[in-house]
Amino acid sequence: MRALPALSLVGSAGDGPEALRQIRALRPALVLMDIQMPGLTGLQVMRALAEDAAPLPAVIFTTAYDEHALAAFELHAVDYLLKPFAQERFVEAVTHALQHPAVSARERTLPALEQAALAAGPLERVLVRDQGRIFPLQAAQIEYLRSDTKYTALVSRGRSYLVRLPITSFEQRLDPARFLKINRACIVNLDFVESMTPDESSQYVILLRDGTRVTASREVSKQLRADSL
C-alpha cells in the first residue's frame, strides 16, 4: 500500500458469499474482485449487490480470463486487471478508480475490500482483441459503434473490433456529450462526424471522417433539426 497511501484495507474474503456479506456490512468505496470464486462468482455477487438499496462502490475486476473481463463492462466495472499484472498496472487502475464519483463522494477516505461490486459513470475504455493480443481501447478513440447480432463492432483508426456485448450496454455507459445513438444499430462519436445532410425524406445522413455514411432515424433527425442553430 506504500504506493497508494489513500487506500485502507478493511477486509478480505475467500469466497463469493463471504464477499457479498462483507461488502454489505462494510460498504467500501472501492472493491477489488476476482471473477472466479467458490460459492458465487464475482459477476453473481455484483448482480446481487445491484438489487440492494445501498449505494454501489466502484469495482476493479481481477481475472485470468479475458472473456470475463469483457463481460465486466456490462456490469459497469471501473477497470479490470488481467492476470498476471504488474504493480504499475495495479497502481494505474486504482488511481483511475480514485477519480470515480462513487469514491469522490466519500472524500476519498477509501477502504478497499478484496472482492466484488458495481459502479456507474461514463465508460472510458474497453478491452478489445486484435491478432491474438488484448489491449484497452480508449472510448474517445472509438469513431462509431455498430450492432452485429449479439456482438458490437467498435471502429477506430480504420480497424473494427468485435466485443461480445450488445450495443445497448454501451449506450448506457458512453458519454452523452460525445456519443449519439443515431439509429437502433449505430452510435457515432460526434468528434468524428464530418457533416450531417438531410436526404429526400428529411432524414439526416451522417458522414464520418473515414467516409462512412449512416442514416439517422426519423426521431433522431427531428431532434437534430430542433437542436441546430
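**Entry 1: β8 and β12**

Strand β12 covers residues 186-189, runs antiparallel to β8, and is joined to β8 by three bridges. I count two strands as paired if DSSP finds at least two bridges between them. My strands (E, at least two residues) and helices (H or I, at least four residues) are DSSP runs, numbered from the N terminus.

I am working on a predicted model, where local features need pLDDT of at least 70, side-chain atom pairs count only at pLDDT 80 or more, and totals for chains, interfaces and linings use all residues. Residues are numbered from 1 along each chain as its sequence is written, and side-chain values use heavy atoms, with hydrogens and water left out.

**Entry 2: β8 against β9**

I moved to the other pairing of β8. Strand β8 (residues 144-148) pairs with β9 in the antiparallel sense, over five bridges. Leu145 stands opposite Leu154 in β9. The β8 and β9 hairpin has two residues between the strands. I checked phi there: Thr149 has a positive value near 55 degrees.

I also checked Asp148, which is found in strand β8. Is it buried, partly exposed or exposed? Asp148 counts as partly exposed, at 36% relative accessibility. My cut-offs are under 20% relative accessible area for buried and over 50% for exposed, with partly exposed in between (1.4 Å probe, protein chains only).

**Entry 3: β9 and its other neighbour**

Strand β9 spans residues 151-156. Five of its six residues are buried, so β9 is largely enclosed by the rest of the structure. On to β10 (residues 159-163): five bridges join β10 to β9, and the two run antiparallel. Ala153 has Leu162 in β10 as its bridge partner. This hairpin also has its turn listed: two residues lie between β9 and β10, and Arg157 in the turn has a positive phi of about 55 degrees.

**Entry 4: Thr152**

I picked Thr152, which lies in strand β9. Thr152 is buried, at a relative accessible area of 0%. Where does its side chain reach? It reaches the backbone nitrogen of Ile167, at 3.1 Å. For a polar contact I take a pair of N or O atoms within 3.5 Å; within protein, one must be able to donate a hydrogen and the other to accept it, and residues adjacent in sequence count only if both atoms are side-chain atoms.

I then listed contacts, meaning heavy atoms within 4.5 Å. Leaving out residues up to four places away in sequence, Thr152 touches Leu145, Arg146, Tyr161, Leu162, Val163, Leu165, Pro166, Ile167 and Phe170.

**Entry 5**

I put the strands in order. The open sheet of five strands reads β10-β9-β8-β12-β11, with antiparallel pairing. Strands β10 and β11 (179-183) stand at the edges with a single partner strand each, so one side of each has no neighbour in the sheet. From one strand to the next, the twist averages 25 degrees.

Another open sheet has three strands, in the order β13-β14-β15, paired antiparallel. Here β13 (193-198) and β15 (213-215) are the edges; each has a single partner strand, so one side of each is left without a neighbour in the sheet. The twist averages 20 degrees between one strand and the next. Strand β14 (residues 204-208) pairs with β15 over three bridges, in the antiparallel sense. Val205 stands opposite Thr215 in β15.

**Entry 6: helix α1**

Helix α1 covers residues 16-26, and its buried residues are Gly16, Ala19, Leu20, Gln22 and Ile23. At its start, a side-chain oxygen of Asp15 reaches to within 2.8 Å of the backbone nitrogen of Glu18. Just after α1, I find Arg27 with a positive phi of about 50 degrees.

The axes of α1 and α2 (residues 42-50) come within 9 Å and cross at roughly 35 degrees. Gly16, Leu20, Ile23 and Arg24 of α1 make the contact with Val45, Ala48 and Leu49 of α2.

**Entry 7: whole chain**

The protein chain has seven helices and 15 strands. Of its 229 residues, 46% are buried. Among contacts with a separation of 6 or more, 53% come from residues 24 or more positions apart.

Conventions:
Axes are lines fitted to C-alpha atoms, for helices over the stretch in contact, and angles run from 0 to 180 degrees between N-to-C directions.
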